[in-house]
Amino acid sequence: MKLLLISFFFIFSVEADEKFFKEKAIKDQKKYVHTEYEDIISGGIAFVVGNVGFFTTESTPLRAAYSVIQTVGIINISDGIYESYNPSKEKYYYSLFKKYPGYKDKEKNQRYFSKNIIWINAQEEKDRRLSRFYGSTFLATQYVINTLDDRTSSDLKSIYLFLAGVNMIVAGNSWFTRGDYEKHMEDTEKLGLFQIFPIPDGLSVGMSSSF
Amino acid sequence: MDSRLEFNTNYFSVAYTPYYVVADTNVTNPAFPEVSMYLATKNELRVSSGWKLGRFWSFGGGVAYDKIRYAQPNFSIFDLATAKPNQLIKFQNKYSLKADLGLSFWGQDYRGAIPNITFQAKNLMSAYKLNSHSEASVNLLEPFALFETHYMTTLSYNITSKFGTFKPGIHGYYDENLSFYNNYYVLGLGYDLGKFGTTVEGGPYKRSMGLFFNSSRVDMGVIYVQDKELGAIQDSYSQSVYITSVFRL
């Protein structure tokens with residue numbers, strides 16, 4: 001009877017946690033008004049309009065405005081791609097519960113959870129780092145291209161070169177600086193610790209088909 | 001020419017207009033040229049806020065203090081030979097503590113087929129009055145629905161699809177006696193998709209196109225406007241470009 005009660009409590013507790021993560025994932029899920037790609041599409045429109053406007057107008061204030069629109073476009077595309085690949089940590093936590101195989105061995109259970117929690121955090125760090133790397137690289141490239149146009153005033157050229165330099169530093173820093181989880185995952189992968197349990201793939205772990 | 005600096009919070013907005021310039025001239029009678037001018041500048045400090053009243057109504061209000069400096073000279077071009085420009089163009093100053101009120105009914109939320117309706121009262125208690133009752137030809141140059149007390153109504157309807165939200169609408173303007181300003185109405189179509197928006201507006205005396213881009217930190221807009229502020233007496237459209245930007249702190 002006691003065992004039954006403990007089991008019941010354990011099942012109830014796990015179910016409550018699972019429910020919490022599911023609800024949190026649904027709550028944190030971005031509510032798209034039109035389509036899940038709207039940020040990427042609107043970023044693409046800003047990028048195109050910004051470039052067409054910048055390279056067809058003569059007015060310096062308008063060129064400055066269009067270059068801000070170029071920047072907005074690149075940031076939105078970069079953020080949109082990040083959001084669509086790494087939507088919510090809670091989704092991964094929910095998957096962790098759903099896919100839990102229920103090992104009898106305590107050590108296996110510990111390794112299952114620690115490995116996967118590290119993987120989730122490492123994946124988030126990596127996605128954020130790469131998003132920043134690609135975004136800053138494209139911004140630096142865009143600013144350098146803007147300076148190549150002869151009609152760009154010397155004041156604007158100086159500003160673009162400064163911004164290009166700042167973005168190149170951010171890009172370099174993002175490429176070479178890894179977070180603690182990402183570093184730990186890479187080190188342990190080299191040691192082969194994770195070979196017992198396959199590391200889940202970022203796309204397949206997502207719970208988009210679950211609800 | 002127009003400029004405005006805004007500071008927005010979740011509860012209120014403070015806007016300062018360091019300069020707003022209107023300058024129109026009209027030359028008649030080529031044999032004996034007569035020049036009519038309307039010149040005005042405005043400095044304004046405005047505080048405004050808005051509230052939601054239940055599910056279907058919202059209310060907005062603002063208080064502004066402004067200084068309008070204007071002149072409406074009318075002289076022969078030969079007068080320029082005998083008088084200095086500052087003798088011909090005499091500026092007057094008007095200081096006002098004025099108010100704006102707005103009320104919106106979100107008809108679509110109430111019942112899908114009903115459009116959204118907004119009524120705005122602008123520049124209530126403004127010290128600036130139109131001189132349009134005077135017969136002086138120079139008063140024809142005075143722009144309407146700008147500095148004086150006036151009212152505005154907007155009807156709009158949102159159509160949301162997976163390709164974006166389309167927002168057709170119409171604006172109408174009324175003078176302080178609630179008489180409709182004929183030919184000053186504007187038909188508009190807005191479009192929103194994620195962080196991009198555009199508007200196209202057209203009326204007998206106004207055409208404009210705006211492009212708006214948002215991001216988590218910066219909003220940027222470019223609006224191209226062609227208008228005839230003076231209505232039928234203005235031969236060609238005056239062209240202007242507005243650049244709007246908002247930086248979130």
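## Contacts and model

Two residues are in contact if their C-beta atoms, placed from the backbone, lie within 7 Å. In chain B, residues 24 or more positions apart account for 44% of the contacts with a separation of 6 or more.

This is a predicted model, in which local features need pLDDT of at least 70, side-chain atom pairs count only at pLDDT 80 or more, and totals for chains, interfaces and linings use all residues. Residues are numbered from 1 along each chain as its sequence is written, while chains are lettered from A and ligands numbered from 1 in the order in which they are written.

## Confidence

The predictor assigns the complex an ipTM of 0.75 and a pTM of 0.75. pLDDT is its confidence in each residue, from 0 to 100. Chain B averages 87, and 96% of its residues score at least 70. Where pLDDT is low, the predicted coordinates should not be read in detail.

## Chain B

Chain B holds three helices and 16 strands. These are DSSP runs numbered from the N terminus: helices are H or I with at least four residues, strands E with at least two. The C-alpha trace of chain B spans about 65 × 35 × 30 Å along its principal axes. Of the 249 residues in chain B, 16% are buried. A buried residue has 20 or more other C-beta atoms within 10 Å of its own, with C-beta atoms placed from the backbone.

Strands pair if DSSP finds at least two bridges between them. E8(B) (residues 116-124) and E9(B) (residues 150-156) pair antiparallel over seven bridges. Here Gln120(B) stands opposite Met152(B). E9(B) also runs antiparallel to E11(B) (residues 164-174), joined by six bridges. Ser156(B) faces Gly169(B) of E11(B) across that pairing.

## Helix H2 of chain A

H2(A) covers residues 38-56. The expected span of a helix is 1.5 Å times one less than its number of residues. The 19 residues of H2(A) should therefore span 27 Å, and the end C-alpha atoms are 27 Å apart, which agrees.

The buried residues of H2(A) include Ile40(A), Ile41(A), Phe47(A), Val49(A) and Phe54(A). Their cover includes H3 (60-85) and H5 (106-148) of chain A. Chain B contributes too, with E12 (186-193), E13 (196-203) and E14 (206-214) among the covering elements.

## The interface

In chain A, 19 residues are in contact with 18 residues of chain B. H2 and H3 of chain A each supply at least two residues of the side that touches chain B. That side of chain A divides into twelve nonpolar, five polar and two charged residues. Nonpolar means Ala, Val, Leu, Ile, Met, Phe, Trp, Tyr, Cys and Pro; charged means Asp, Glu, Lys and Arg; the others, Gly among them, are polar.

Conventions:
A residue is buried if 20 or more other C-beta atoms lie within 10 Å of its own, exposed if 12 or fewer, and partly exposed in between; C-beta atoms are placed from the backbone. pLDDT is the predictor's confidence in each residue, from 0 to 100.
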